[in-house]
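Subject: A structure for you to explore

Hi there,

Here is the structure I promised to pass on. Please open it next to this email and follow along as you read.

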Amino acid sequence: MADYAFRPVTRDDLPVLVRWLAQPEVAAWWPGPDRQIALIRDDLGHRVMRQMIVVRDGAALAYAQSYPAHHWPAPHFAGLPADAVALDVFSGPDGGGRAAHGCAP
């Protein structure tokens, strides 16, 4: 069985994330790769943002970030409990749309 792990994003991951953000499937939800990578880069080390690379058997396959849902203004989170956590994710080419990773084929 494959082992999954999460490790913190570093500046060394940014070139890979740029490539992932340029994928049409990712850009549909994370538009403007240059803007998105700037936001990711600016949030590195932010006190409330957790940015992680999802790794399976040693290979990076996805990006995940979590943060308190009410930390930044976000009208779509308005009805959530005060302690809600938001989770945003996207996968790289080796993680996208693969049934083995919990997605429908």
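**What turned up**

Trp 20 and Phe 90 are both buried (buried means under 20% relative accessible area, exposed over 50%, partly exposed in between, with a 1.4 Å probe and protein chains only). Before going further, please note that this is a predicted model, in which local features need pLDDT of at least 70, side-chain atom pairs count only at pLDDT 80 or more, and totals for chains, interfaces and linings use all residues. Residues are numbered from 1 along each chain as its sequence is written, and side-chain values use heavy atoms, with hydrogens and water left out.

**Aromatic rings**

A pair of aromatic rings is described by the distance of the centres and the angle of the planes. Rings of Phe, Tyr and Trp (its six-membered ring) pair if their centres lie within 6.5 Å; planes under 30 degrees apart count as stacked, over 60 as edge-to-face and the rest as tilted. The whole structure has 5 aromatic pairs. In one of them, the ring centres of Trp 20 and Phe 90 are 6.5 Å apart and the planes stand at 90°, so this pair is edge-to-face. It joins distant parts of the chain, since Trp 20 sits in helix α1 and Phe 90 in strand β4, 70 residues apart. (Helices, H or I with at least four residues, and strands, E with at least two, are DSSP runs numbered from the N terminus.)

Tyr 67 and Trp 72 also make an edge-to-face pair, with 5.6 Å from centre to centre and 70° between the planes. Is Tyr 67 buried or exposed? Tyr 67 is buried, at a relative accessible area of 11%, while Trp 72 is partly exposed, at 32%. Ring pairs also connect Trp 20, Trp 30, Tyr 63 and Phe 90 into a cluster.

**Helix α1**

Which residues of α1 (residues 14-21) are buried? They are Leu 14, Leu 17, Trp 20 and Leu 21. These residues lie on the same side of α1 because they cover an arc of only 115° around the axis (the arc is that of the directions from the helix axis to the C-beta atoms). The buried residues of α1 pack against α2 (24-27), α3, β2 (50-56), β3 and β4 (85-91), where contact means heavy atoms within 4.5 Å.

Enjoy looking around!
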